[in-house]
Every structure is written in C-alpha cells, then in structure tokens.
Amino acid sequence: METPTILQAVWFCAIAVLWIGYLFLEGFDLGVGMHMKLFARGERERRVLLNTIGPVWDGNEVWLLTAGGATFAAFPRWYASLFSALYLPLTLALVALIFRAVAIEYRGKVHSDRWRAVWDWALALGSGVAAFCVGAMLALTTAGLPLNANGDRVGGPFVWLNGYAVLGGLAVVGFALVHALAFLALKTDGEVRSRAHRAFVRWLPFAVLPLVAWVLAVQLHTGKWWSWALTAVAAGAAVTAWALGRRGSEGRAFIGLAVFLATGAAAIFSAAFPVVLPSTIDPALSLTAANASSSDYTLGLMTVVALIGLPLVLAYQAWTYWVFRRRLSVDSIPTAHAVVPATIVRLVTGRQA
C-alpha cells in the first residue's frame, strides 16, 4: 500500500474534522427536528424548539456542503466512488433535508393546526431520515462497499443496505436525539428545560450504544494504539457527560458529549487511515488517501484557501451563536395570530390594507 504524502494526510484529517463539525452542529439541529414530535407538548413548546435552532440551522448545514466539496476537490476518486455507489441513500438524505428546510420556513405561514401538524411531521421525518442516511453512508465508508478495479459498485441498488449501514444510521440518530436534549437543556428555560434535562440523563446511556458499537467494531478490525487511546477518551467523556448531567451542570454536560463525539469519530477515522473506502471484493482494490487524491499542487492551493477562509467562517459562526445565546421559554413566544392577505382586505373594505 502506497504511503500518503503529508498533504494527503492533512486533507484526510481536514475532511474528518469537517464531518465531526457537521455531526456536532447539525446533530442537535436534526435532533430538535425529531423532537418536534417526540418531545414537545403543544404548539408553544414546538415554537420554542424551533426558535432554538432558527438562527443557526442553515449555517450548520454549510459543514455538510464543505465536507462534500472538500472530498470532491482533494480526493476525486473517493468522491466519485462514494457518491455513485451510495446514490440512493444520498438522494434520500437530500430529499429529507429539503423537506426539513421547507417545513421550518412554511409551518408558520398559515394559522391552522392541521397545516402546522403536516409540516411538523415533515420536519421530524425529514430530520430522522437525513440523520439515518448520513450515518449509514459514514459507516459504509469505514466498513467498505463491493467496489471493482474501476471503483464502481458491484451489485444492485440496495447492496449498501447491510448491518453496518443500519448500525451507522442508528448511531447518528441516537446521538442526534440525546445531543438535542443536551442543547435544549442549555438553550431553554422553565418546563422545557427541566424535562430536557431529565430526558438527557435518562436516555444518554442507551442513545449512544449504537455509536459505541460502531467505534468498537472499527477498532477491533483496523485499530491502532492511538485510535484505541481516542476510544478510551471517548468512553470517559460519555460517562463524564452523564455524571455532569445528573449534577445539573448543563453546559459542561453538553461539552462532555461534544468531546465524546469528537474523540469517537476521530478514533474511527484514524483507525481507517490511510484507506478512505475499502473494497469488500478485494482489499487490493480499496481506495486510499494516496491513490484517490488530487495532485500535490491542487492540495497545496486548497490549503492556502482554507487557511484564509476557514478562520473567517469560524469567526462568523461563533459570533452568530454569541448573539443568539440567551435562553428561551414558553413565555418568550407570542400568541399566534392569523394574517389576512391584503387582497382580501381590499375586496371586503374597498380600501388599501
């Protein structure tokens, strides 16, 4: 197996960081979307949940686009094989994200319980399907796909749907649900905060089990000493987050869960390196950071652009979270009211609205 260059290794790490950033930031967005039907009680609580992510959800999705774009530019063969082999789950994820985005924008446009209920289901299901498909795709990146010498998938459109895909999907869904509870306990007040805190403590040990199983499965197959060390840190962070949650330290529990995700995902990526997409037909046909990458000139140019642009993006996103840092409660939500269109006002009164 050819040894990757420094730039190839750097960009493998960069893509791993982008995926970790996406799972961390978009994780609680997707979890809050699912909790619109699983957790919220009544319209006012649903509006509280929606307002916690309202200012940031679209910015968080940029991490997904950046991860895909960086893969395309830095490792075009990885991108081509992955996106063609997993065309179906990626399309499902895209459709789910579209439904989710439209639901966030449309649910408040009509003052009707039935209208809002339809979009609440679209938001919850869209968030759940997107989380599952992203998790399935990432799990298959570590477990492998039936790829031939050209990097093409061998088999039918559902050959990707196996135990690893289901495990990865459940891992991201479970993490998103409990991550959202930690986020809601940190961003809300009153009854919503109390219930989110209790649910976080109750469900954390169960919700992270699929992710723990995924990390251990990768370590047992291709683990190195440093990836096992990261796994140990992840386990300690999960236990610490649960203990801090029991003590009522919501901010520290949220950080502990973030450390669990970051070190657990880093353990998966570092154990897989330098293979970026294994072939289950023949290990010799696997794509690696060396044989799937762009030229060193391209990677060097990308590094310069990233060093300039990334700090600006991080600064802007940090500023956004700082501006919208205050807690929300049911009392923060005004009473919903119907808006009569101007055309109806003119027809009824004969005057301009």
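In this predicted model, a cavity is a set of grid points where a 1.4 Å probe fits but cannot get out, whereas a pocket is an open set. By this rule, the count comes to five cavities of 30 Å³ or more.

**Figure 1. The largest pocket and the residues about its centre.** The space in the largest pocket amounts to about 680 Å³. Its lining is made up of 29 residues, and those closest to the centre are Leu18, Thr66, Gly309, Leu310 and Val313.

**Figure 2. Helices that form the lining of the largest pocket.** At least two lining residues come from each of helix 1 (6–38), helix 3 (57–60), helix 4 (62–74) and helix 13 (296–323). Helix 13 makes the greatest contribution to this lining, namely 13 residues. By residue class, the lining of the largest pocket holds 20 nonpolar residues, eight polar residues and one charged residue.

**Figure 3. The largest cavity and the residues about its centre.** The volume of the largest cavity is about 160 Å³. Lining this cavity are 14 residues, of which Leu23, Leu138, Trp214, Ala265 and Ile268 are the closest to its centre.

**Figure 4. Helices that form the lining of the largest cavity.** Helix 1, helix 7 (113–143), helix 8 (163–187), helix 10 (209–222) and helix 12 (250–272) each provide at least two residues of this lining. Which helix gives the most to the lining of the largest cavity? Helix 12 does, with four residues. The lining of the largest cavity comprises twelve nonpolar residues and two polar residues, with no charged residue.

**Figure 5. The second largest cavity, its central residues and its helices.** The second largest cavity contains about 80 Å³ of space. It is lined by 13 residues, and Trp19, Thr71, Trp78, Leu82 and Met137 are the closest to its centre. Two or more lining residues are given by each of helix 1, helix 4, helix 5 (76–85) and helix 7. Helix 5 supplies the largest share of the lining of the second largest cavity, four residues. How many residues of this lining are nonpolar, polar and charged? Ten are nonpolar, three are polar and none is charged.

Notes
Residues numbered from 1 in each chain as written. Predicted model: local features only at pLDDT ≥ 70, side-chain atom pairs only at ≥ 80, totals over all residues. Heavy atoms only, no water. 1 Å grid on protein atoms, 1.4 Å probe; cavity = no way out; pocket = protein on both sides within 12 Å on 5 of 7 lines; lining within 4 Å. Points joined across faces, edges and corners; volume = space filled by probe spheres on them. Nonpolar A, V, L, I, M, F, W, Y, C, P; charged D, E, K, R; others polar.
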